[in-house]
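User: I have a model open here and would like to talk it through with you. Could you start with one spot and then widen the view?

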Amino acid sequence: MNEPGALLTTRKILCVDDDENILSAYQRQLRREFQIDTALGGEAALETIAQRGPYAVIISDMRMPGMDGVKLLSKVKEAAPDSVRMMLTGNGDLQTAMQAVNEGNIFRFLTKPCPPESLAKALTAGLEQYKLIIAERELLENTLSGSVRVLTEILSIIEPRSFGRAEMLRDLVKLVARQMGLRNSWELEIAAMLSQLGIVTVPTVVLAKARAGRVLSSAEKNMLVRMPEIGRKLLAEIPRLEAVAQIVLYQNKRFDGTGFPADSVAGKDIPLGSRILKILTDLLQIESLETSRFKALHLLRTRVGWYDPELLDKIISCLPPPAEVPAEKPRRTSSIDDLRVGQVLLSDVMTTDGVLILSSGHRISEASLERIRNIAQTSSIREPILAQEA
């Protein structure tokens, strides 16, 4: 997700035309009311956006040599999706308008000659639309992500082992999403953190049996298999997490269509996020058995039909080769009093009678540190605790 500073609103407007006289007229007519930049043609506009953006509103002429307005605003949609796009042209035929709207998601379509007051009114509306877009982004990235952090923190306390693994999965997802240039990677990161949400409905005795490798009844097996479905139902109740819920539902689905859920969805119809989680979850599971990453990746390649083969190749190319994995940071031997927010646990935190408090891999937060200290006041906690700076 974007850094908070990236959400600062702008009121900059970029006017694009192939006629210098028209661009000069824009400056004269609008500079008192708006912050105006200009670009002579489509290629210059893209360079200006890259060098001086972001822009709240981008208004382009339709008829320009080389790159017309439709092509330009279609590229703007890819490069600067938050910018409000407008078209200004002397050709007011319906076909041009439809093409502009369909290919560039145009906010307004204006025809020449456009009176200065009409243009100013349209630009004002564009600035207001941009504010709404940014406000929605802030809602997602601040309010929603903050709520998710609280939820995952609570879940990590309820089921520390599973959610410690979820944190490792989230970190791997962030690496892969960044390397692959995925959009809406925040959805995939949240899906990784909440992938084990359904486990809160599984009795602890069943989880203990499964982890110990004991024989499970058909009913107990069904509880574990249906965890993604339970997670989807819980997440579907949260606005704006519908796509996350679908990723969680299909996280265990194999590329050939086998696995849960038992429906007809297979191949590329499985959500991309689910296909990514399937690969990375299985990779972490294999590595947890003290298998090297090199051997783990080889094993993934041998599982015919389990994974999207093209996606598997891309993900493997995103991961550091075994020889290039950074050396492990020095381990710290800590007492409870030495633990600090932001450290990562290198060992489980357990009471002396064997109750797991937090699992290895957990990044210590204020809430988890408070939990450790509170438990230490009523029970004995095994020390030393291994932790390191994140």
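**A walk through the model**

Analyst: Ser83 sits in the loop between α3 (69–79) and β4 (84–89), where helices (H or I, at least four residues) and strands (E, at least two) are DSSP runs, numbered from the N terminus. This is a predicted model, in which local features need pLDDT of at least 70 and side-chain atom pairs count only at pLDDT 80 or more, while totals for chains, interfaces and linings use all residues. Residues are numbered from 1 along each chain as its sequence is written, and side-chain values use heavy atoms, with hydrogens and water left out.

User: Is Ser83 buried or exposed?

Analyst: Ser83 counts as buried, because its relative accessibility is 4% (buried means under 20% relative accessible area, exposed over 50%, partly exposed in between, with a 1.4 Å probe and protein chains only).

User: And what does Ser83 touch?

Analyst: Not counting residues up to four places away in sequence, Ser83 touches Tyr55, Ala56, Ile58 and Tyr130, a contact being heavy atoms within 4.5 Å. The C-alpha atoms of Ser83 and Phe107, which are 24 residues apart along the chain, are separated by 9.9 Å.

User: Where is Ser60, and what is it in contact with?

Analyst: Ser60 belongs to strand β3, residues 57–61, and is buried, with a relative accessible area of 1%. Leaving aside neighbours within four places in sequence, Ser60 is in contact with Val16, Gly69, Leu72, Leu73, Met86, Met87 and Leu88.

User: Switching to helices, what about Ala296?

Analyst: Ala296 lies in helix α13, residues 293–302, and counts as buried because its relative accessible area is 0%. Apart from neighbours within four places in sequence, the contacts of Ala296 are Leu283, Ile286, Glu287 and Thr291. For Ile286, 10 residues from Ala296 along the chain, the C-alpha separation is 5.9 Å.

User: Which peptide bonds are cis?

Analyst: The bond from Phe260 to Pro261 is cis, with omega near -5°, and a cis bond also joins Glu383 and Pro384, with omega about 5°. Most peptide bonds are trans. Pro261 is in the loop between α11 and α12, and Pro384 is in the loop between α15 (366–378) and β10 (385–389).

User: How accessible is Thr258?

Analyst: Thr258 counts as partly exposed, because its relative accessibility is 35%. Thr258 is in the loop between α11 (242–249) and α12 (272–287), and its C-alpha is 27 Å from that of Ala208, 50 residues away in sequence.

User: OK, whole protein now: how many helices and strands?

Analyst: There are 15 helices and 10 strands. Of the 390 residues, 44% count as buried, and the C-alpha atoms fill a box of roughly 80 × 50 × 45 Å along the principal axes. Among contacts between residues at least 6 apart in sequence, 63% join residues at least 24 apart.

User: What lines the largest cavity?

Analyst: Its lining is formed by Lys253, Arg254, Phe255, Arg275, Lys278, Ile279, Trp306, Tyr307 and Asp308, and about 30 Å³ of space lies inside. A cavity here is a set of points, on a 1 Å grid over the protein atoms alone, where a 1.4 Å probe fits but cannot get out, and lining residues have an atom within 4 Å of a point. Grid points are joined across faces, edges and corners, and a volume is the space filled by probe spheres set on the points.

Conventions: 1 Å grid on protein atoms, 1.4 Å probe; cavity = no way out; pocket = protein on both sides within 12 Å on 5 of 7 lines; lining within 4 Å.
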